[in-house]
Amino acid sequence: MQSGLYIVGTPIGNLSDMSPRTIEVLKKVDLIATEDTRVFGKLASHFDIKTSRVSCHEHNEKQVIPDLIEKISKGAAVATVSDAGMPGISDPGFRLVRAARDAKLPVFVVPGPVAAISALVLSGFPTDRFTFCGFFDEKKLRDDNKIRHTIIYYESPNRIMTTISALARVMPERKIAIVREITKIHEETIIGYPADLLNITPPRGEIVIVVSPAPEHKMSDDEIIELVSEISAASTKNAAADLAVRAGISKKEAYKRLLKKEEE
């Protein structure tokens, strides 16, 4: 097998999504760098993959990567896999790929499922432009709301209801799709405005959130007045920025409306 680094995608749930090429590559390479050797061990056992493996994750990459690069430079074929899906997509992998590129070593890809893209097409939201923001971070939500096209997040079941509540505060006018357990028995897609999903049974399993593009139309005066009352409890500066984004008006106009509200 040709020497180099092989980026190998693995199933995100349904083992039937394992391609013949994926199995062949993982059997033929000299070494497999896995995010978790125990997790990969189950997959390897199912497909009778007996190739040697080494753990390579975010906590030991700095120590492991130089040795992997040296092995490849001496003629080895090394595959990198994450626990599920494509390595490097909110999973370890990109640093190893970057190191291989910097060393001018051959890099190949063996495509596989990606939860973010699968959830995007399941949502029915526009796919011509989208931004993947990784795992949800409420601290960045107001900045994220400046992204007017489709947004994709990963989220854990332990935080999903808190996240829906945050989306209801900052992005109330944008529909969201809660996509869980993709390719598995309990696969489910729940779509609605965040406020309408606050009382759903908390989803379990692996979760992807897809946020629809922001409405193109500017809010009416009555809608803006209602929104001003809702967010005016915050500091004027922060509230003005929030109002401008959500109402589709300038920060200057938003600031004027908030000052007027305070004077009433």
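**Exercise 1. Identify which residues ring pairs link into a cluster, and classify the pair of Phe-132 and Tyr-154.**

Step 1. Phe-132, Phe-135 and Tyr-154 are joined into a cluster by ring pairs. Rings of Phe, Tyr and Trp (its six-membered ring) pair if their centres lie within 6.5 Å; planes under 30 degrees apart are stacked, over 60 edge-to-face and the rest tilted. The model is predicted: local features need pLDDT of at least 70, side-chain atom pairs count only at pLDDT 80 or more, and totals for chains, interfaces and linings use all residues. Residues are numbered from 1 along each chain as its sequence is written, and side-chain values use heavy atoms, with hydrogens and water left out.

Step 2. Tyr-154 is buried at 10% relative accessibility, whereas Phe-132 is partly exposed at 30%. (Buried is under 20% relative accessible area, exposed over 50%, partly exposed in between, with a 1.4 Å probe and protein chains only.)

Step 3. The ring centres of Phe-132 and Tyr-154 lie 4.9 Å apart with planes at 65°, so this pair is edge-to-face.

Step 4. Because Phe-132 lies in strand 6 (residues 130-135) and Tyr-154 in strand 7 (residues 150-155), the pair ties together parts 22 residues apart in sequence. Strands are DSSP runs (E, at least two residues), numbered from the N terminus.

**Exercise 2. State how many aromatic pairs the whole structure holds, and describe that of Tyr-6 and Phe-108.**

Step 1. The search finds four aromatic pairs.

Step 2. Tyr-6 and Phe-108 are stacked, at 4.7 Å centre to centre and 25° between the planes.

Step 3. Tyr-6 belongs to strand 1 (residues 4-8) and Phe-108 to strand 5 (residues 107-110), so the pair ties together parts 102 residues apart in sequence.

Step 4. Tyr-6 is buried at 6% relative accessibility; Phe-108, at 24%, is partly exposed.

Technical notes:
Helices (H or I, at least four residues) and strands (E, at least two) are DSSP runs, numbered from the N terminus.
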